[in-house]
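The sequence and the structure come first, and the discussion follows.

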Amino acid sequence: MELGIAGRWALVCAASKGLGKGCAAALAREGVNLVVNARKLEVLEATAAQLRALHPAIEVRSVAGDISRDDVRQAALAAGPQIDILVNNAGGPPPGDFRDWSREDWLQAVEINMLTPIELIKATVDGMAARGFGRVVNITSAAVKAPIDILGLSNGARSGLTGFIAGLARQPHLAGRNVTINNLLPGAFDTDRLRQTLDAAARASAQSSTAIAEQRQRGIPAGRFGSADEFGAFCAFLCSAHAGYMTGQNLLLDGGHYPGTF
Ligand code: NAP
């Protein structure tokens, strides 16, 4: 299927690895010009080179830095002529017990997983509406739908973003101008972050990380972890010209792990 977005400009945050990179790669294959961001310059530059090689006609510009910083966001927004597609992403907050989290820990989680995407949306959606096309995809987590006890910082901050998006996406000056905002909720995807979680679980138990990974995969009806490429392909469709009638939705990609009907 031709997605109808060749020549558009996308800002993909936290895109040097994992799910963000999967989204950037799928958009690149469709001929979308990219501004990509992540903190570590060398890894980001290597990813940008790989992305450029995916399509002969695209430009890929990289902006290194922590996307929760205002100056980095301003640089990312200024790196392309306009932002038609925004993919919000960043690292997730650390796991733990809520008794150990300080006010500062909460503020950091809210800053990175709620306020940062809201700032980027605020800076881009009115321009999208004026041009009559815009796609925003926020990478959140399956934990928004089925909270994970040790990920309380993530459950809380991402649910705040989700509530805000539910109201914003339905505003007629956006939805009525072909600007959609949707959230993608990853379950277990095979990325560095997942491997770190498995290694940490292995260290805390007598099992190897391979054994823990196999056990987790047996609990997923699909019998496996998702790949960043399939996550990216789904994201690219949401950003496509064909997806203008879907907005304000929370889309779970988890291989059937969530057991509910809705
Ligand atoms: P990953 O493989 O570790 O990749 C994270 C990417 O984000 C890297 O490119 C990293 O590069 C960048 N990054 C992290 N913090 C950043 C920041 N403050 N500013 C700019 N870039 C930043 O992680 P992932 O698995 O793709 O996860 C992406 C998001 O999905 C996370 O929020 C995670 O919690 C969520 N999620 C993932 C899964 C899963 O199974 N993988 C499940 C549920 C939710 P630098 O380190 O160089 O900045």
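Where is the place of asparagine 178? In this predicted model, asparagine 178 is found in the loop between helix H6 (172-175) and S6, and its phi is positive, at about 65°, although the residue is not a glycine. Most residues other than glycine have a negative phi.

**The cavity**

The structure holds 1 cavity of 30 Å³ or more, and about 100 Å³ of space lies in the largest cavity. Of the 14 residues in its lining, those closest to the centre are Asn88, Asn89, Ala90, Ile112 and Pro117. Two or more lining residues are given by each of helix H4 (103-131), strand S5 (134-139) and helix H5 (152-169), and the largest share, 5 residues, comes from H4.

**Aromatic pairs and a charge over a ring**

The count of aromatic pairs comes to 2, and their geometry is set out below.

| Pair | Centre to centre | Angle between planes | Arrangement |
|---|---|---|---|
| Tryptophan 101 and tryptophan 106 | 5.9 Å | 90° | edge-to-face |
| Phenylalanine 189 and phenylalanine 231 | 5.2 Å | 80° | edge-to-face |

Why does the pair of phenylalanine 189 and phenylalanine 231 count as edge-to-face? The planes of the two rings stand at 80°, and since planes over 60 degrees apart are classed as edge-to-face, the pair falls in that class. Phenylalanine 189 lies in the loop between strand S6 (179-186) and helix H7 (192-203), whereas phenylalanine 231 lies in helix H9 (residues 228-238), so the pair ties together parts that are 42 residues apart in sequence. Phenylalanine 189 is buried, at 7% relative accessibility, and phenylalanine 231 is likewise buried, with a relative accessible area of 0%.

In the tryptophan pair, tryptophan 101 is buried at a relative accessible area of 14%, while tryptophan 106, at 32%, is partly exposed; the two residues fall in separate classes because the limit for buried is a value under 20%.

A further ring, that of phenylalanine 133, has arginine 8 over its face, at 3.9 Å from the ring centre.

**Serine 240**

Is serine 240 buried or exposed? Serine 240 has 0% relative accessibility and therefore counts as buried, and its place is in the loop between H9 and strand S7 (250-253). A polar atom of the side chain of serine 240 lies 3.1 Å from the backbone nitrogen of histidine 242. Serine 240 can also be placed relative to isoleucine 85: the two residues are 155 residues apart in sequence, yet their C-alpha atoms are 9.3 Å apart in space.

Notes. Residues numbered from 1 in each chain as written. Predicted model: local features only at pLDDT ≥ 70, side-chain atom pairs only at ≥ 80, totals over all residues. Heavy atoms only, no water. 1 Å grid on protein atoms, 1.4 Å probe; cavity = no way out; pocket = protein on both sides within 12 Å on 5 of 7 lines; lining within 4 Å. Points joined across faces, edges and corners; volume = space filled by probe spheres on them. Helix = DSSP H or I, 4+ residues; strand = E, 2+ residues; numbered from the N terminus. Phe/Tyr/Trp six-rings, centres within 6.5 Å; stacked < 30°, edge-to-face > 60°. Buried < 20%, exposed > 50% of the residue type's maximum accessible area, 1.4 Å probe, protein only. Lys NZ or Arg CZ within 6 Å of the ring centre and 35° of its normal. Polar contact = N/O pair within 3.5 Å; in protein donor to acceptor, adjacent residues only side chain to side chain.
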